[in-house]
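User: I would like to go through this structure with you, starting with its charged side chains. Could you set out the terms as we go along?

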Amino acid sequence: MSTAATDINNLPYADGDFFAFEQLLGSKEQDRLAEVRDFLAREVKPIAVDCWNRGEFPMELIPRLAEIDLVSPVRRQGHSNLFAGILHAEVTRADTSIATFMGVHDGLFTGSIEALASREQQDAWLPDIYSLKKIGAFGLTEPLGGSDVAGGTRTTARRDGDHWILNGAKRWIGNATFSDWVVIYARDLADNQVKGFLVDTALPGFSATKIENKISLRTVQNADITLQNVAVPDFCKLAHANSFRDTNKVLKVTRLAVAWQAVGQQLAAFDVARRYAVERHQFGRPLASFQLVQSQLVQILGNAVSSMGMMVRLSQLEDAGQAKDEQSALAKAFTTARMRESVAIGRSLLGGNGIVTDFEMAKIFADAEAIYSYEGTHEVNTLVTGRAITGVSAIV
């Protein structure tokens, strides 16, 4: 058995892409991915753990994120969904909190505007959204409503002349403590349908309070939102958001993005665990020289590769316009389950050092719990898939 020192800066399969999925990208997309990776290594990775420990968002990073131009890679920049997915995984690999910030602003918020706003509304709002001059949030989840919010939205909207009056509360709204705009989904009292509204956070009656004491995504500024007779101009009612079925057009795509986050999280766990196994010595030799440690590393890698393979195919289907809701649901359920297993193995491999953020794995381990829960719980996504393959709904 070889115990020779390994150059940790020149490890085999450095990108963790064991089956070379990235070779499916065109040369321009591969170059763009390399550019973003360099940016993440330079601007995000060095500050990620400190921001997480302090529970503070690095506002100074926003202008630099604007410069690297990550918003709307598919609709605006013409990239493939496969590129967008791998890109999102890479941002997650660097820091799940920054990936979630982008997922909220770009996927949920911008996605709502791109999919559900009129052309006139898009022309008025999207330039500042794309440039990050206006930061957005997405208000769907409520204090008493999570998976059942489709049929149980308690936040209400009432038409009053040329305004809509919004009342209610939202919870777990990422970016909302500092966002300029929030898309709020509310039930129209006139027809009982869920509709979407672009709400300026400076409007009277709108308030956002940071949720404290989180153990996951601590850098993300989640908030409780209260709406008390907030008067929203009729122009800010999203033209094509007139039922929860419309809202689901956005969630289908963002569920796919969260599954890509699960891939990135596993690659992050693999990066840290492998480096630790090579650097750390026990009994006079590197941990990587022990059979059970290699088995653990291979299990993490296998989980990541299988998850990535599923996501590559689903992204190809999305590019072809053939992806289905139930496929996104299965992907989210499967990849996050594999992710949970992978980060647990990684944390265990680091022993006691796996429970302090100094070695990064504790942060990766904790952040995985948020990914496992948002954009549909594992149980609900499982039942959505089960309904698709049996024709029978088991959702109560």
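Analyst: A salt bridge here is a side-chain nitrogen of Lys or Arg within 4 Å of a carboxyl oxygen of Asp or Glu. By this rule the count comes to 25 salt bridges. This is a predicted model, in which local features need pLDDT of at least 70, side-chain atom pairs count only at pLDDT 80 or more, and totals for chains, interfaces and linings use all residues. Residues are numbered from 1 along each chain as its sequence is written, and side-chain values use heavy atoms, with hydrogens and water left out.

User: Which residue forms a salt bridge with E90?

Analyst: The partner of E90 is R37, with the closest N and O atoms 3.0 Å apart. E90 lies in helix 3 and R37 in helix 1, so the pair ties together parts that are 53 residues apart in sequence. Helices (H or I, at least four residues) are DSSP runs, numbered from the N terminus.

User: Is E90 buried or exposed?

Analyst: E90 counts as buried, at 7% relative accessibility, whereas R37 is partly exposed at 23%. Buried means under 20% relative accessible area, exposed over 50%, and partly exposed in between (1.4 Å probe, protein chains only).

User: What does K252 meet in a salt bridge?

Analyst: The side chain of K252 meets that of E318, at 3.1 Å from N to O. This pair links distant parts of the chain, E318 being in helix 8 and K252 in helix 7 (residues 244-279), 66 residues apart. Both count as buried, E318 at 16% relative accessibility and K252 at 15%.

User: Changing topic: at what angle do helix 3 and helix 8 pack?

Analyst: Helix 3 (residues 81-94) and helix 8 (residues 291-319) pack at about 145°, with their axes 8 Å apart. Axes are lines fitted to C-alpha atoms, for helices over the stretch in contact, and angles run from 0 to 180 degrees between N-to-C directions.

User: Which residues of helix 3 meet helix 8?

Analyst: N81, L82 and I86 in helix 3 meet M308, V312, S315, E318 and D319 in helix 8, where contact means heavy atoms within 4.5 Å.

User: Finally, how far apart are D367 and K363 in helix 10?

Analyst: They are four residues apart in helix 10 (residues 361-373), which means a separation of about one helical turn. D367 is buried at 0% relative accessible area, and K363 is buried at 3%.

Definitions and conventions:
Helix = DSSP H or I, 4+ residues; strand = E, 2+ residues; numbered from the N terminus.
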